[in-house]
Amino acid sequence: MSTNRFLGLIGGVKTWFTAIATSSGAPDANKIAMVGSNGRFDVTLMPVGIGAATQAMVASEILAAGDFVNILDNAGSPNCRKADSTNSRPANGFVTAPVAAAASATVFLSGPNTARTGLVSGSLYFLGTAGNVSLTPPSATGNIIQEIGIAANSTTISFDFDAPTTIA
């Protein structure tokens, strides 16, 4: 990634060290860490329990960046698909990058979804259809109403799971 190097001493001998931007665990002990191109430390450099709450799982359909997803059990393995208020698929998280069907997706279970567009700052959003959000809650019998979160700006909505309510 980078050729950032630092001069140090080992047994009194001057030695060049190369900084690392990601860690593979114990083999990287005692190495100098540096931030990545985004100006932040990679989650692999952080202690266990520090960082975004994510889960890796197989996408059962094509997902777009910013889609809200529903987690389902597929023969004992977690899978994700687009959340949808019209077919009882509540949003359990979201993805920030596009994912091909049958590929591994990183599902964020809470936090800021920064991969949306066209949001109205300060507005409350509800689960819509096909992984999207809506300013208007659904009203048809059998649909679910689920608050997704408040838009911080035109591209960011903060998600915190809210149990859905089914319209009778």
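**Notes on the predicted model**

1. Let's start inside: Phe 94 and Phe 159 are both buried. Bear in mind throughout that this is a predicted model.

2. These two residues also form an aromatic pair, and the structure holds four such pairs. For Phe 94 and Phe 159, the ring centres sit 6.3 Å apart and the planes meet at 85°, so this one counts as edge-to-face.

3. Where do Phe 94 and Phe 159 sit in the chain? Phe 94 belongs to strand S6 (residues 93–94) and Phe 159 to strand S13 (residues 157–159). The two are 65 residues apart, and their pair links distant parts of the chain.

4. There's a wider group to look at as well.

5. The order is S10-S9-S12, an open sheet of three strands with antiparallel pairing. S10 and S12 are the edge strands, each pairing on one side only.

6. On the S12 side, strand S9 (residues 124–127) runs antiparallel to strand S12 (residues 147–150), and three bridges connect them. Within that pairing, Leu 124 stands opposite Ile 150 in S12.

7. On the S10 side, S9 pairs with strand S10 (residues 133–134), again in the antiparallel sense, over two bridges. Here Phe 126 has Ser 134 in S10 as its bridge partner.

8. S9 and S10 also make a hairpin, with five residues between the strands. Which residue in the turn has a positive phi? That's Ala 130, at about 50°.

9. Finally, the largest pocket, which has a volume of about 200 Å³. Its lining takes in Asn 38, Arg 40, Phe 41, Asp 42, Val 43 and Met 46, along with Gly 51, Ala 52 and Thr 54.

10. What is the make-up of that lining: how many residues are nonpolar, polar and charged? The largest pocket has four nonpolar residues in its lining, three polar ones and two charged ones. Arg 40 and Asp 42 are in the lining, and Arg and Asp both count as charged.

Notes. Residues numbered from 1 in each chain as written. Predicted model: local features only at pLDDT ≥ 70, side-chain atom pairs only at ≥ 80, totals over all residues. Heavy atoms only, no water. Phe/Tyr/Trp six-rings, centres within 6.5 Å; stacked < 30°, edge-to-face > 60°. Helix = DSSP H or I, 4+ residues; strand = E, 2+ residues; numbered from the N terminus. Buried < 20%, exposed > 50% of the residue type's maximum accessible area, 1.4 Å probe, protein only. 1 Å grid on protein atoms, 1.4 Å probe; cavity = no way out; pocket = protein on both sides within 12 Å on 5 of 7 lines; lining within 4 Å. Points joined across faces, edges and corners; volume = space filled by probe spheres on them. Pairing = 2+ DSSP bridges.
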